Amino acid sequence: MALKVLTALDSARTQYYHFKAIIIAGMGLFTDAYDLFCIPPIMKLIGRIYYRSPTGNANKLYEVPQAITSAMVVTALLGTVIGQLVFGRLGDLIGRRKVYGFALMTMVLSSFGCGHSICASRTCVLLSLGFFRFLLGVGIGGDYPLSATIMSEFANRTTRGAFIAGVFSMQGFGILASSTVTMIVCSIFNRAYGENSDNNTPHDADLAWRIILMIGAVPAGLTYYWRMMMPETARYTALVERNIPQAAKDMGKVLDISASQIAEEFSTYSPNTPPSNYSLFSKTFIHGHGLDLFACSISWFLVDIVFYSSNLFQSQIYKRYLSDKHDVSAFQEAFEVARIQAIIAICSTIPGYFATMYFIDRIGRVKIQIMGFFFMAISLLAMGIPYYSYWNNNTNVGFMFLYGLTFFFSNFGPNTTTFIVPAELFPARFRTTCHGISGAIGKLGAIIGSIGFIWASHSKKDGYSDEGIGMTASLILLAGVCIVGMITTYFFTRETMGRSLEENENISINEGPQNEVVGGRV
């Protein structure tokens, strides 16, 4: 018989605490996006400070080598992989709440550490920055499975998708915040120094990028108290710790649910009822949830290849819309990069998150994910096929529109749904673990996208000395990745719209999880 405390949670009306939980849980995602998108303008400042005397091509003056930029991205991503696996497992073993605050503090302290990167020499600064970015990635990785699972376990079944999407949408505001903070800090420094600085790069530019990084820790730090005040989720307490009275008590602290809805549970539920005894990666688990884990992991892997390869196009956009680096100060150059990122966030990224929030509990996860992959593929093909014949010399509004579409349909599509679905498909005692595994495999795709495709896109046509397959082939290949994502989503991803999380607890050896829906088909 279904536990009444969880049945009441599934049918609870939308309340104030749901929205409060979105903000509290979303601050980790906010910090993630802030950190990722403040790196491009910060690398402009670091290039001005530490790369003033290139040994080779004069056009590389003030530019951080691609290998260094890639290393900064990869160190954070490797930390994220470790954080998702470790914190994801801990979230199931000792509880979501007990490790939630630790993940947040890891992010906060690491963000401050990035800003306090020791020494003033180039090598020392970059090594310490890389080290703290790795730790930051660990904290961010730990936050992914915990935030998604906590929100899914607090939500009711009819609006669960929108609430988890709301948590993930905090990434959009993190992007906007990082761009806004960068523009404000650079404007203040630029006004203070004007044009009377050595080579348009004053010594205090070294302070500016540190301030930008450290400010990103403030919003997350402010939510630490409320995270510690959150009770353990009722689903974890009831289904994993098997303490029904405590689950009801905790739920009553945050949600306005009548005691009569759950009072009967105390007399009808036997605490000695044995839980399902299969273990992670056992034959029973593989039979019942192995395909779900594969579907979540491969979809996340594929979308992150495309999402993190967006750096392929940034150089083209910067070349068209940025002033010549020799004609502007370091602060003006960083300001212009941040401004472009803010425009893209406002026009495409944030609307994509909001579209998902509105439609996900109306048309479902599978349809949104397939649609997103499809339109991302179309946009990439439209940029890739005529790249050298047209776009390479005409990076105009049309190119910006296509570039924006890839972000819109990534967020109104697989970038958001791959965060949501793993929090809905697995039993409570494996939920954060499986979400962490899915996310970790996704971040391996991100490493491929941020390194492999950047190097593969090199061509002598673009002025590179090393020869790759070029931009046209790279963009067409990325479109192919999206098409593979469509296919795997259709055949392997189960629809979870309107489905109770407790259905994941019931596994029949012969039939697998109840009410299985694959590719939108029963």
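Ser111 lies in helix H4, which covers residues 96–115. The model described here is a predicted one. With a relative accessible area of 5%, Ser111 is buried. Leaving aside residues up to four places away in sequence, Ser111 touches Thr31, Leu136, Leu213, Met214 and Ala217.

A second residue, Ala162, is found in helix H6, residues 160–168. Ala162 has a relative accessibility of 17%, and because buried means under 20%, Ala162 also counts as buried. Its contacts, again without residues up to four places away in sequence, are Met357, Ile360 and Asp361. The C-alpha atoms of Ala162 and Ile420 are separated by 9.3 Å, although the two residues are 258 residues apart along the chain.

| Residue | Relative accessible area | State |
|---|---|---|
| Ser111 | 5% | buried |
| Ala162 | 17% | buried |

Helix H5 comprises 33 residues, 122–154. At 1.5 Å a residue, H5 should span 48 Å, and its end C-alpha atoms are 47 Å apart, which agrees. H5 is mostly covered, as 26 of its 33 residues are buried.

How do two packed helices come to be described? The angle between their axes and the distance between the axes are used. The axes of helix H2 (residues 16–50) and H5 come within 10 Å and cross at roughly 160°. Angles over 145 degrees count as roughly antiparallel, so H2 is roughly antiparallel to H5. The crossing of H2 past H5 is left-handed. Among the residues that make the contact are Ala21, Ala25 and Leu29 of H2 and Leu129, Leu136 and Ile140 of H5. The residues of this contact divide into 16 nonpolar, 3 polar and 5 charged.

Conventions
Residues numbered from 1 in each chain as written. Predicted model: local features only at pLDDT ≥ 70, side-chain atom pairs only at ≥ 80, totals over all residues. Heavy atoms only, no water. Helix = DSSP H or I, 4+ residues; strand = E, 2+ residues; numbered from the N terminus. Expected span 1.5 Å × (residues − 1). Buried < 20%, exposed > 50% of the residue type's maximum accessible area, 1.4 Å probe, protein only. Contact = heavy atoms within 4.5 Å. Axes fitted to C-alpha atoms, helices over the stretch in contact; angles between N-to-C directions. Parallel < 35°, antiparallel > 145°, perpendicular 65-115°, else oblique. Left-handed = near helix turned anticlockwise from the far one by under 90°. Nonpolar A, V, L, I, M, F, W, Y, C, P; charged D, E, K, R; others polar.
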